[in-house]
Amino acid sequence: MRRFFQFCGVILIALIVYSGSTITYADSMPIPLPPSAVPSPTPRPVIVNDGPNHAIIEYGWPAIIKHNNDPFHAYIRFPQGGHPSDEVIYNWAHGLSVSILSEFRAVLNEDPRARGEVNVHFDSFLVDNRYAGILQQGDYSVVFDPLVPPIDVVKTFNIDLPGNTILESNDILDYSQSDRILELLRERMIFEHPNTERSLGFIDESWLHFLVIGHEGIIVVLDKNRLLPEDFPTLTVTLPYEDLGDALLIRGNPPLDTAPVPSPSPTPMPTPMPTAPPDDGQDGQDGQDGQDGQDGSDSPDGDLSTGPSVPPQSGSIDPRAPMIALSFDDGPGYYTNQFLDLLEMYGIRATFCVVGNLVNAHSEALVRAVSLGNEVIGHSWDHKNLAKLSADAVRAQILDTADIIEEVTGTSVMMFRPPYGAISDTMRDVARELGFSILYWSVDPEDWNTDDSEAVYDSVMQQVRDGSIILSHEIYKSTLTAYQRLIPELLSRGFQFVTVSELLTYRVREVLPGHVYYNGHPN
Ligand code: ZN
């Protein structure tokens, strides 16, 4: 017991030293704030599995921790399933963002050119309606040098849903049979990744550290730089259930008929709150309220059911009257349908800038968006900072996203919005070559950085003018709330709402590939 208290004492001292040094540091130069944390509200399963490059989201609703400002960019996506384990996953994601930010600050202290970036996504598998297997994967970098490769982030979670427990590796596999399991791992490794055979040395239990309960078997994640020689990326190997025999400790019970969780009920989930990071004065919180919008739902939001008091926008656009374009980034997601309900109610349309690897998980909502006259363009495949990528990588990010949008909605895409508004000469060249124009914005209410819908409302109202392109994010409840007030107010002031492409058609003589468009102000 005394040892335990000594341990707590060390942790406490470490925390004091940590927060103390941060405060001193914050006094000396402008330092990025910790990423905003946005746990998602009521979850809903989205069954998607159509290839290795798309996010497979079978369990939970994607929540995002995000930081949008130079010189630190963060985008950490993780599932929240309305389950007690949400807090564990959330705490991991939040802890990751805080620790990388802290590492970045130390580097920035030495080198003012430092640029920090973290991008983490997840796949989640729902197995037997009983187990959720979650694989978080991504990378981060804290330096300016493009020759320094990013560091891989790998984390796995496995949840026994009815049992309300997070499973550890030794709850899944019987380690007293590790010789047999490791033999199987070696065999499957060589089968799935033949090029590793020559490099495979001694394999021990540390290779079974990251396990994911999958559909065909237990997925073993072998993280780069820890287990494999440097030139190998992070790899996965599946140990088939039938080959594991009695070394497998789960799946002894029959599958449940229906999913115990997640459920699409509007009950607010017990959302974990972030523990206070060192200087979290503006740590944005959002999405606390359960809402009933879901993919495919077309019922209007409850508090709008009485209908607008301002008449809807008329069908035709008057080119001489003031017009603005709303643009919503980072979806599709939990709130997409509620944004669509709102736009539909006022007879207006907007431009949705979507993240490619989320498209399949919310395809119905995007089909609906287009059917209502909205525009859908790309916002990269996985929200990486494209300004740091090679020409080939930028090309893939633009084209893959445009292709999936075209595949799902049937509309062709010739424009994209770069994540973080980060633009490079390479990006302009690639865009020109591919025939894409680049979308920026002229009004930024920084809705990602606050849960105060009034602040978003005020910021837009102060900046808006004829020809504005307004940037917002469709992943925040507070943004939705702000637009419930903004749209009728702007309509009553005579603004017409058009898509970005319409605005540019009316206001810019020629939309050119490789050019960046900030607004459609009248000449
Ligand atoms: Zn974004």
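Which helix is Leu-434 found in? Hi everyone, let's start there: Leu-434 is found in helix α9, residues 425–434. Helices here are DSSP runs of H or I with at least four residues, strands are E runs of at least two, and both are numbered from the N terminus.

A quick word on the model. It is a predicted one, where local features need pLDDT of at least 70 and side-chain atom pairs count only at pLDDT 80 or more, while totals for chains, interfaces and linings use all residues. Residues are numbered from 1 along each chain as its sequence is written, and side-chain values use heavy atoms, with hydrogens and water left out.

Back to Leu-434. Leaving aside residues up to four places away in sequence, Leu-434 touches Arg-395, Ile-398, Leu-399 and Met-414, where contact means heavy atoms within 4.5 Å. Leu-399 is 35 residues away along the chain, and the two C-alpha atoms are separated by 8.4 Å.

Next, a helix pair. The axes of α10 (residues 453–463) and α11 (residues 477–492) come within 8 Å and cross at roughly 40 degrees. That makes α10 oblique to α11; angles under 35 degrees count as roughly parallel, over 145 as roughly antiparallel, 65 to 115 as roughly perpendicular, and the rest as oblique. Axes are lines fitted to C-alpha atoms, for helices over the stretch in contact, with angles from 0 to 180 degrees between N-to-C directions. By class, this contact of α10 with α11 has eight nonpolar, three polar and three charged residues. For the classes, Ala, Val, Leu, Ile, Met, Phe, Trp, Tyr, Cys and Pro are nonpolar, Asp, Glu, Lys and Arg are charged, and the others, Gly among them, are polar.

Now for the open space. The second largest pocket holds about 560 Å³. On a 1 Å grid over the protein atoms alone, a pocket is an open set of points with protein on both sides within 12 Å along at least five of seven lines, a cavity is a set where a 1.4 Å probe fits but cannot get out, and lining residues have an atom within 4 Å of a point. Points are joined across faces, edges and corners, and a volume is the space filled by probe spheres set on them.

This pocket has 25 lining residues, with Glu-117, Ser-141, Asn-385, Lys-388 and Leu-389 nearest its centre. Its lining divides into 13 nonpolar, five polar and seven charged residues.

Finally, the structure holds three cavities of 30 Å³ or more. The second largest cavity has about 50 Å³ of space. Thanks, everyone!
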